Amino acid sequence: MATRRTPRFKECRRLGVNVCGHPKALNRANAPAFKKTKKTSEYGKQLCEKQKVKAYYGILERQLRRYYDIASRKEGKTGENLIVGLETRLDNLVYRCGFANSIRFARQLVTHGHVTVDGKKVNIPSLQVKVGQVVSIREKSQKNEQIKASFLNGNRRPLDYIEITEEKFEGKLVMMPKREEVPVEINEQLVVEFYSK
């Protein structure tokens, strides 16, 4: 299974946003060595937004293209459909619930069998979670110090579309996320323009 292995902090500095969620990711972003001197073209802006989407959700080009194709066939705005589709991936919801402190760690938890959906063990990070489904950490894995520290130290921001139950180590998708509720700094319209050429 292919995974992204690019240096996270370097990627954050290049894109200009903290895509990995680490508090120190942009510490050197304003250093003279990382200042941009050239003006970015329209294509460059579109490419940058596409790269942000891939970095935020820890996916590769082929996967993003597939999500775009699915989003373009649905009713409504393609850009919003794309973000909602990515936001309801299992690995992303594990991250949003606070079980992991990064999208990479969330993906690892899923592939290593620490996560259940409606009580059944699932090891597919790209699984689309439906409204009403409960994502939780297996009872045996709740004793894991790294998971416990990440979850109980409040490593998450409250989101309207996720309901957290701390005692049971579980989160429930209560509704489909609206674009304005999703905490990512992306201009999805530029991504749509990039792919619609």
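Trainee: Is Phe-169 buried or exposed?
Mentor: Phe-169 counts as buried because its relative accessible area is 8%; buried means under 20%, exposed over 50%, partly exposed in between, with a 1.4 Å probe and protein chains only. Keep in mind that this is a predicted model, where local features need pLDDT of at least 70, side-chain atom pairs count only at pLDDT 80 or more, and totals for chains, interfaces and linings use all residues. Residues are numbered from 1 along each chain as its sequence is written, and side-chain values use heavy atoms, with hydrogens and water left out.
Trainee: Where does Phe-169 lie?
Mentor: In the loop between β4 (162-165) and β5 (170-173); strands are DSSP runs of E, at least two residues, numbered from the N terminus. Phe-169 isn't a glycine, yet its phi is positive, about 55°.
Trainee: And what's the phi of Asp-118?
Mentor: Also positive, about 55°, and Asp-118 is not a glycine. You'll find Asp-118 in the loop between β1 (115-117) and β2 (120-121). Its relative accessibility is 45%, so Asp-118 counts as partly exposed.
Trainee: On to the rings. How many aromatic pairs are in the whole structure?
Mentor: The search finds five. Rings of Phe, Tyr and Trp (its six-membered ring) pair if their centres lie within 6.5 Å; planes under 30 degrees apart count as stacked, over 60 as edge-to-face and the rest as tilted. One of the pairs is Phe-194 with Tyr-195, edge-to-face at 5.4 Å centre to centre and 90° between the planes.

Methods:
Helices (H or I, at least four residues) and strands (E, at least two) are DSSP runs, numbered from the N terminus.
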